[in-house]
Amino acid sequence: MSDLFKRERKLMDEARRLLGPTHDLRALTGGLQDANPAALGLTDKRALIDALGAQDLVATALRHSHISSGMDAQLKADAIRAKMMADLMGSGALGRMAQGVEAEKLRTEQLFGQAKLAGVFAQDMKMAAAIQATVRADLAYQSKFMTVAVQDAIRLAATEQSKMGLAFETFRKAGGDAALIAAIGEMRSPWLRIDDAARSVRAFSEVVAIGHGVASSLPFDEQFASTLRQDLGDWRDPMSVNIEAVSDPVHRTELYADQGYQSDLTDFPAPAFDQAMVIAGLRQELDAIDAEGGGGDGLQRAQRTFGLLQKLEVAVREFIVTVMQSAIGDNWMRTHLPQGMLDSWTGKREAAIRAGSAPGALIDYADFTDYRMIIEKSQNWNLVFKPIFGRVEDVRESFQRLFPVRIATMHARVITLDDELLALVEVRRIHRAIRKS
């Protein structure tokens, strides 16, 4: 299967799985009072699938998403439209009613208007029709997955071992099939693709192996970093990122694919992905998944990822100040920052003070990319950071994997499952490294 085909299929699937609870959409959009609840997916999803017939449902979803089974020449544009549809419906419109129905309704209408301007929806399309299309697409995507008996999944895994890099080695060291059986046995939500079960087993096994490696290996161990590259892509070379472009989830998905990221790792419905993150140890508990299963909606995922990165930045700043002061002294900023960085921080602080803010520590005005530049600066690396991180290209890679996600959170854009996986992995690696210092 070509990389282009896989990339476009990924964009299609992403559009479906970013959708959240449909009853909230009904409550938050004022133009739907006269709409048919069954047509909008407001009844039980399984009953609706049965009522419409799976074949009709899938056909309708594909028609609304302009997807052809032959993956024709318009696939690229259609994938972007589908992805942006998910951006619209997976963001603020899925905020809970308790946060303010009117505020969320207004935001939904604003996002819908932006989507029209961007060409996601036709100018004369009504919000009810747009929601109907996205709900049907959601149903079509979720209908592709099933639960499976553990032993059946293990048999599939056995046939796929030659295609498992990190997972095969991890489970071999952890006791072979027993470790994988335990992990699969904890899954409760449908997670196995009906049309490609082996693909789901490989992806799930790799995700669990990544979590095990992050927890048990030295965070920047050379062998682990090399094997992880097979799944998350090779980000070692210095790179410049168009900030405005990576705010767009379509562009980020393309960027990840270009770096070699394996998008199959997140090809699960959101509830199954969230469970897999807990089983893998990448998330310590179902902290954002409530009893109704609403923790996977776009707003909560974005808030969770924003908080994760914010805590990392605070920790990294404290770490840099501590180790640099210890090694060089209180004057380290004047002598060991990259050229122009101190002036930039000082200017930002002065501007903040003029705007009425209380002054903070100078490093509080650092950009996200400044941390990597301080660490990589040759005199700092050799004197302070090499014993902590090992190889400069590996720590550069970790920060560069996080940078597009960080941009998306700061611009209040939808956070995809790919974004969250990268954040969960790399935040934990960096945290473990600086805590050991």
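Analyst: A residue is called buried when its relative accessible area is under 20%, exposed when that area is over 50%, and partly exposed in between. The model is a predicted one, and the cut-offs just given apply to it throughout.

By that criterion, helix H19 (residues 368-376) has 7 of its 9 residues buried, and it is therefore largely enclosed by the rest of the structure. The buried residues of H19 are Phe 368, Asp 370, Tyr 371, Arg 372, Ile 374, Ile 375 and Glu 376.

Helix H20 covers residues 378-389. A straight helix of 12 residues would span 16 Å at 1.5 Å a residue, whereas the end C-alpha atoms of H20 are only 14 Å apart. Within H20, the buried positions are Asn 380, Trp 381, Val 384, Phe 385 and Phe 389. These residues lie on the same side of H20 because the arc they cover around the axis is only 135 degrees. The other side of H20 carries Asn 382, Leu 383 and Pro 387, which are exposed. After H20 comes Gly 390, with a positive phi near 90 degrees.

Apart from neighbours within four places in sequence, His 431 makes contact with Lys 311, Leu 312 and Ala 315.

H22 also packs against helix H11 (residues 197-216): the two axes come within 9 Å and cross at roughly 10 degrees. With angles under 35 degrees counting as roughly parallel, H11 is roughly parallel to H22. The crossing of these two helices is left-handed. On the H11 side, the contact is made by Ile 210, Val 214, Ala 215 and Ser 216. On the H22 side, Val 425, Arg 428, Arg 429 and Arg 432 take part.

Lys 144 sits in the loop between helix H7 (127-142) and strand E1 (145-146). The relative accessibility of Lys 144 is 27%, and this residue therefore counts as partly exposed. Although Lys 144 and Leu 192 are 48 residues apart along the chain, their C-alpha atoms are separated by 8.1 Å.

Notes
Residues numbered from 1 in each chain as written. Predicted model: local features only at pLDDT ≥ 70, side-chain atom pairs only at ≥ 80, totals over all residues. Heavy atoms only, no water. Helix = DSSP H or I, 4+ residues; strand = E, 2+ residues; numbered from the N terminus. Expected span 1.5 Å × (residues − 1). Buried < 20%, exposed > 50% of the residue type's maximum accessible area, 1.4 Å probe, protein only. Arc of directions from axis to C-beta. Contact = heavy atoms within 4.5 Å. Axes fitted to C-alpha atoms, helices over the stretch in contact; angles between N-to-C directions. Parallel < 35°, antiparallel > 145°, perpendicular 65-115°, else oblique. Left-handed = near helix turned anticlockwise from the far one by under 90°.
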